[in-house]
Amino acid sequence: MTTLGIQMSAKINLRSNFAIHHLRAAAQAAQSAHAVEKDNDTSKHGRWFDDMMMHVPVAIVMAAAALEANSNEIVQDILDRPALLSVAASHLESVKALKDDLSGNALDKYRKLANILNKTPVTGGAVWQNAGDLLRFRNSFIHFKPAWDHEDDIHKGNLVTALRRRLPISPIYNANNFMFPYSLLTYECANWAVQSVRKFADEFCALIGVEDRFTKV
């Protein structure tokens with residue numbers, strides 16, 4: 001009598017995702033900046049500021065990376081489960097096209113996605129404005145160009161003006177010796193970057209009716 005052996009195998013498909021981890025890195029950098037301020041006299045210059053120059057830019061860059069990664073992951077979520085939002089076939093083709101669209105920045109992709117789903121985002125609101133300034137701030141670090149302290153087009157430019165309306169100046173700087181980005185390298189700035197992403201994701205996901213993955217961070 002012979003025994004018939006049956007072999008079975010299963011394949012699991014894995015999808016790479018980084019948005020949550022990017023924001024976790026940003027939040028961790030913000031907490032590191034908080035620890036530096038807590039453990040040092042920030043009213044005068046010291047070696048502590050070297051740590052702030054490391055932690056705060058990381059929070060800004062990684063928070064912006066999370067914002068961009070999240071837009072792509074939401075698009076992929078819709079493509080993977082179109083029935084979740086009852087996306088029409090004609091709209092699904094537009095979502096597919098958006099996946100490969102490399103033009104513009106993350107906010108353009110969010111806006112286009114909302115329009116495809118017949119939703120109207122409040123792009124002029126504080127949430128969108130903060131997200132836009134965060135992306136611009138990130139770009140200033142990614143494409144950083146040295147600037148002398150007398151170059152007012154750098155230290156008094158449009159981005160700086162926008163950021164100074166909502167962020168405090170480091171105690172070791174003031175209006176008379178303001179230098180960008182040094183004067184904004186505070187825990188409040190790092191935390192603003194993280195919270196800007198969280199608030200944007202919360203508003204946008206509620207608008208189009210998808211799960212906000214950042215609630216898990």
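In the predicted model, helices α1 and α8 are roughly antiparallel to each other, because angles over 145 degrees fall in that class. Their axes cross at roughly 155° and come within 8 Å, with α1 spanning residues 19-39 and α8 spanning residues 187-208. The crossing of this pair is left-handed. On the α1 side, the contact is formed by Leu23, Ala26, Ala27, Ala30, Gln31, Ala33, His34 and Glu37. These residues meet Tyr187, Glu188, Ala190, Asn191, Val194, Val197 and Arg198 of α8. By class, the contact of α1 with α8 comprises 9 nonpolar, 3 polar and 3 charged residues.

Helix α8 also packs against α2 (residues 48-80), the two axes coming within 8 Å and crossing at roughly 10°. The two helices are therefore roughly parallel to each other. From α2, the residues in contact are Met52, Val56, Ala59, Ile60, Ala63, Ala66, Leu67, Asn70 and Ile74. Their partners in α8 are Tyr187, Cys189, Ala190, Ala193, Val194, Val197, Phe200, Ala201, Phe204, Cys205 and Ile208. The contact of α2 with α8 contains 19 nonpolar residues and 1 polar residue, with no charged residue. Tyr187, Ala190, Val194 and Val197 of α8 take part in the contact with α1 and also in the contact with α2.

A further contact of α2 is with α5. The axes of α2 and α5 come within 9 Å and cross at roughly 125°, which makes α2 oblique to α5. This crossing is left-handed. Helix α2 contributes Pro57, Ile60, Val61, Ala63, Ala64, Ala65, Leu67 and Glu68, while α5 contributes Ala131, Leu134, Leu135, Phe137, Arg138, Phe141 and Ile142. The residues of the contact of α2 with α5 divide into 13 nonpolar, no polar and 2 charged. Within α2, Ile60, Ala63 and Leu67 are in contact with α8 and also with α5.

The largest pocket holds about 350 Å³ of space. Its lining consists of 19 residues, with Ser140, Phe144, Lys145, Ile154 and Phe180 lying nearest the centre of the pocket. Helices α5 (126-142), α6 (152-155) and α7 (158-164) each supply at least two residues of this lining. By class, the lining has 10 nonpolar, 6 polar and 3 charged residues.

Two backbone features were noted in loops. The peptide bond from Phe180 to Pro181 is cis, with omega near 5°. Asn118 has phi near 60°, a positive value in a residue other than glycine. This residue, Asn118, is placed in the loop between α4 (106-116) and α5.

Technical notes. Residues numbered from 1 in each chain as written. Predicted model: local features only at pLDDT ≥ 70, side-chain atom pairs only at ≥ 80, totals over all residues. Heavy atoms only, no water. 1 Å grid on protein atoms, 1.4 Å probe; cavity = no way out; pocket = protein on both sides within 12 Å on 5 of 7 lines; lining within 4 Å. Points joined across faces, edges and corners; volume = space filled by probe spheres on them. Helix = DSSP H or I, 4+ residues; strand = E, 2+ residues; numbered from the N terminus. Nonpolar A, V, L, I, M, F, W, Y, C, P; charged D, E, K, R; others polar. Axes fitted to C-alpha atoms, helices over the stretch in contact; angles between N-to-C directions. Parallel < 35°, antiparallel > 145°, perpendicular 65-115°, else oblique. Left-handed = near helix turned anticlockwise from the far one by under 90°. Contact = heavy atoms within 4.5 Å.
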